[in-house]
Amino acid sequence: LDLAEALDLLPKVELHCHVEGTMRPGTVLELARRHGLALPTENLDELYSYTSLNEFLSIFWLVQSTLGGRDDWARLGYESVVDAAAHGRVYAEMFFTPARHLDTGQRLADIVSGLADGIAAAEAETGARAMLIADIDRAFGPAPGLQMVTELGELRRSGSPGIERVLGVGMDSTELGVDPKSFTKAYRAAAGFGFRLTGHQGENSPASAIAEVIDVLGAERIDHGLSLVDDPELVRRFAAERIPLTVCPNSNIRIANAFPALAQHPYPAMRAAGLLATLNTDDPAMTDLDLGYEYASVAEAFDYTFDDMVTIALDGVDATWLADDAKHALR
Ligand code: ADE
Ligand code: ZN
């Protein structure tokens, strides 16, 4: 067993993974055909080529639009958990971002119950578990964000099927020209309904925006958080308060084009500064990644030992929104 094989088998959790970004290439093509959606090319290697976050997002949105209804969401939830379990993922808190589906008339209740059914089937088969985080799509602006949160709260109040899978609310999509504070109402409402809070920030926005997501929106975690390293004072605070960052090093190279190679990624500096910086894939099927490779490539690039990687995996468990006894069971 070499290090890469051992890290593929190591039980791992994942806190930054978009369920739509895990869609199998064959499923993308099949759903696109079924719903009469013309893709610019049927060669997905060609389709998945981008040089910036915003270019990537336009392709992510195309993949999202192949999800035509409850059955498609159920299939996606199932395949997503099965595929990740094959690389040692035992637990995940996974994003779904339903803004464009809600905009075209799909019901949030169907999306949630479809995903939940698919995940439950995969759990029964693999023993790996997954929960959900409903992400606001920033490209749609604050009002649809607040509307989604309000509907989530109603689903929770009425005990809608599968809603117990949704642990929290986050936000993703574009950061450029978006003021995180404009989502304050949505985040307040989410907290009021008892949802946990996270948010994508610092993928290509400054450290000051990361601070606002924590201090103004009340988030408990930051997804990406790359630019945090530009503000040593804020780094010290995040380390002292053990505020988790869900870092996606390979995604930052392949999607955000933030660094030429892993060697230039600040991940080791983040760990050395004492940050609770976890490892995650982001959109594995669209970037040809898996969580085993994420761990193996980071270990190789930064000369981490198996024990170092176990420490990182355990930090992942700490950063989950599980209760203490459930965290303990994963250690
Ligand atoms: N949606 C899917 N992947 C994303 C990423 N890396 N950043 C922002 N939004 C996303
Ligand atoms: Zn992401």
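Guide: A residue counts as buried under 20% relative accessible area, as exposed over 50%, and as partly exposed in between, with a 1.4 Å probe and protein chains only. Helices (H or I, at least four residues) and strands (E, at least two) are DSSP runs, numbered from the N terminus. This is a predicted model, in which local features need pLDDT of at least 70 and side-chain atom pairs count only at pLDDT 80 or more, while totals for chains, interfaces and linings use all residues. Residues are numbered from 1 along each chain as its sequence is written, and side-chain values use heavy atoms, with hydrogens and water left out.

Visitor: How many residues of strand 2 (residues 89-96) are buried?

Guide: Seven of the eight residues in strand 2 are buried, and the strand is mostly covered.

Visitor: Which strands pair with strand 2?

Guide: Strands of a sheet pair through backbone hydrogen bonds, either parallel or antiparallel. The criterion here is that DSSP finds at least two bridges between the two strands. Strand 1 (residues 12-14) runs parallel to strand 2 and is joined to it by three bridges, with Lys 12 opposite Arg 89. Strand 3 (residues 129-137) is also parallel to strand 2, through six bridges; there Ala 92 faces Ala 130.

Visitor: Why is the pair of Phe 56 and Phe 60 called tilted?

Guide: Rings of Phe, Tyr and Trp (its six-membered ring) pair if their centres lie within 6.5 Å; planes under 30 degrees apart count as stacked, over 60 as edge-to-face and the rest as tilted. The ring planes of Phe 56 and Phe 60 meet at 35°, with centres 5.9 Å apart, so the pair is tilted. Both residues are buried, and together with Tyr 50 they form one aromatic cluster.

Visitor: How is the spacing of Phe 56 and Phe 60 in helix 4 to be read?

Guide: An α-helix has 3.6 residues a turn, so residues three or four places apart point the same way. Phe 56 and Phe 60 are four residues apart in helix 4, which means that about one helical turn separates them.

Visitor: Where do Lys 12 and the charged end of Arg 221 sit?

Guide: A charge sits over a ring if NZ of Lys or CZ of Arg is within 6 Å of the ring centre and within 35 degrees of the ring normal. Lys 12 lies over the face of Tyr 295, at 5.8 Å from the ring centre. The charged end of Arg 221 is over the ring of Trp 321, 3.9 Å from its centre.

Note on methods. Chains lettered and ligands numbered in written order.
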